[in-house]
Amino acid sequence: MEAPFKPKPLLNKSELKQIKRARTKVQGKKVVTDDVRKLKSLKVTPDLDPKDAPNYYKEPIWVEYYIPKESRFAYETKFLFIYLVDPIEREDGLDRYLKIYQDKNELFDLFKFIEDYPKNKDSVMKAYHDRLGMFETVHNSYLSYQNSGDANELKSAAYVTEALMKFEPTVASLKLFPDFLIYNLNWLIRTMNRSRVKFSLEDTTISLMIKRRNDHWEKNNLPEDEDFDLLAALFYEQAFPHRGAEELEPDDFLME
């Protein structure tokens, strides 16, 4: 007798084919990871206009390939540059509050929002009462940056924003400021980029940014970037090495 419920797999069938353990696939075509010419042809960094560079998140990718003639492995670090895609303006106007801060190029500070629009305080407090301490960290980090001008103060805000994204959406955000944490994260990345602050985000956050970038590319029919596709596939292989495995054995788990 089969169980009445089966958990949904992390990836659909096409994605499972794309990411295999010890393999890399791009657009359904296998890229041989010991293809020295292909891997060495990858640019360390893409050709970006310096003015546009802050609009990308930079992630180092460890590239390994085998050189048969020399009987050795070579290692290089390349960089995956992920274009930051902001929330799309909504036709229903539910993002009207977010747009106010966006037009002023300010971080959407939840405490500042409550102060500016006290009529929404009850809704916000009900949705975020158990996470106010985290929003307070973001608030204080943002204030420190405003007072000192030192973008290093924003690191804490960025890392806490990553954690807060795991709890979204809430009723308050859906009704008042959809996707505000995506906007905040992009704002923080751009600001730190302009000041050349070194920081590193979680793999799950980077995966989300890649998905948003790819959706944006597809929706706008932008030209394919083979280097980006390959580096993104290598990122998934390194960050989530067991995703796409046909099956897991008991030895893959730590058991008592």
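Reader: At what distance from the ring centre of Phe228 does Arg213 lie?

Author: This is a predicted model, in which local features need pLDDT of at least 70 and side-chain atom pairs count only at pLDDT 80 or more, while totals for chains, interfaces and linings use all residues. Residues are numbered from 1 along each chain as its sequence is written, and side-chain values use heavy atoms, with hydrogens and water left out. A charge sits over a ring if NZ of Lys or CZ of Arg is within 6 Å of the ring centre and within 35 degrees of the ring normal. Arg213 lies over the face of Phe228, and its distance from the ring centre is 3.7 Å.

Reader: Which residue lies over the face of Tyr101?

Author: The distance to the ring centre of Tyr101 is 5.2 Å. The residue over that face is Lys104.

Reader: How many aromatic pairs are there?

Author: Rings of Phe, Tyr and Trp (its six-membered ring) pair if their centres lie within 6.5 Å; planes under 30 degrees apart count as stacked, over 60 as edge-to-face and the rest as tilted. By this rule, the number of aromatic pairs is 21.

Reader: What kind of aromatic pair do Tyr56 and Tyr83 form?

Author: Tyr56 belongs to strand 3 (residues 56-67) and Tyr83 to strand 4 (residues 72-83), so the pair links parts of the chain 27 residues apart. Strands (E, at least two residues) and helices (H or I, at least four) are DSSP runs, numbered from the N terminus. The ring centres are 5.4 Å apart and the planes lie at 65°, which makes the pair edge-to-face.

Reader: Is Tyr56 buried or exposed?

Author: Buried means under 20% relative accessible area, exposed over 50%, and partly exposed in between (1.4 Å probe, protein chains only). Tyr56 has 14% relative accessibility, so Tyr56 is buried.

Reader: Why do the buried residues of helix 5 line one face of the helix?

Author: In helix 5 (residues 121-128), Val124, Ala127 and Tyr128 are buried. The arc is that of the directions from the helix axis to the C-beta atoms. Seen down the axis of helix 5, the buried residues line one face because they fall within an arc of 80°.

Reader: Which residues are exposed on the other side of helix 5?

Author: The buried residues of helix 5 are covered by elements including helix 4 (110-116) and helix 6 (132-148). On the other side, the exposed residues are Asp122 and Lys126.

Key: Contact means heavy atoms within 4.5 Å.
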